[in-house]
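Subject: Structure handover

Hi,

Here is the structure I promised to pass on to you. Have a look at it first, and then read on for what turned up.

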Amino acid sequence: MTAPRLFEPTLDAEAQYVEQHRDRFATAAKTGFDRFGRGLVLVTIRPPHAPDKAGTIEYVNDSEADRIWPATGWPEATTRRAVAEYDPDSTFLVMFLDYEAKSCRLHRFDATE
């Protein structure tokens, strides 16, 4: 059984979804950074190996990403650069990993709005 879609997975829809739930995402990013260091908020969409994790929102730091990136085909160089360069005091990163569409999309948001 798969979880229902919250939205069609496109860049605009994903950005709107984060904006609608900005407080939740910003809090997850700030708490994650304070606790685990640099990373991003990961939204998992339609994982075939773990359908119960569909729609999961979690913080992934650099060391966790080292384990996850090779297994999922993330654009590793681009993502590593974004994680290394963002300013956690003013921005946060959200990545949508869509297993069915075999895609991942990275977004940067202003944390101060």
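Predicted model: local features only at pLDDT ≥ 70, side-chain atom pairs only at ≥ 80, totals over all residues.

With a relative accessible area of 31%, aspartate 110 is partly exposed. Leaving aside residues up to four places away in sequence, aspartate 110 touches Arg22, Ser90, Thr91 and Phe92.

Next, the aromatic rings. How many aromatic pairs does the count come to? The count is two. In one of them, tyrosine 17 and phenylalanine 25 have ring centres 6.0 Å apart and planes at 80°, so the pair is edge-to-face. Tyrosine 17 and phenylalanine 25 are both buried. The rings of phenylalanine 92 and phenylalanine 109 have centres 5.5 Å apart, with their planes at 25°, so this pair is stacked. Phenylalanine 92 lies in strand β3 (residues 91-98) and phenylalanine 109 in strand β4, so the pair ties together parts that are 17 residues apart in sequence. Both phenylalanine 92 and phenylalanine 109 are buried as well.

There is a charge over a ring, too: the charged end of arginine 38 sits over the ring of tyrosine 86, at 4.8 Å from the ring centre.

Finally, helix α2, which covers residues 22-36. At 1.5 Å a residue, its 15 residues should span 21 Å, and the end C-alpha atoms are 20 Å apart, which agrees. Which residues of α2 are buried? They are Arg22, Phe25, Ala26, Ala29 and Gly32. Seen down the helix axis, the buried residues of α2 fall within an arc of 135°, so they line one face. As background, an α-helix has 3.6 residues a turn, so residues three or four places apart point the same way. Asp23, Arg24 and Arg35 are exposed, on the face of α2 turned away from its buried side. After α2 comes glycine 37, with a positive phi near 90°.

Best wishes

Terms used. Residues numbered from 1 in each chain as written. Heavy atoms only, no water. Phe/Tyr/Trp six-rings, centres within 6.5 Å; stacked < 30°, edge-to-face > 60°. Buried < 20%, exposed > 50% of the residue type's maximum accessible area, 1.4 Å probe, protein only. Helix = DSSP H or I, 4+ residues; strand = E, 2+ residues; numbered from the N terminus. Lys NZ or Arg CZ within 6 Å of the ring centre and 35° of its normal. Expected span 1.5 Å × (residues − 1). Arc of directions from axis to C-beta. Contact = heavy atoms within 4.5 Å.
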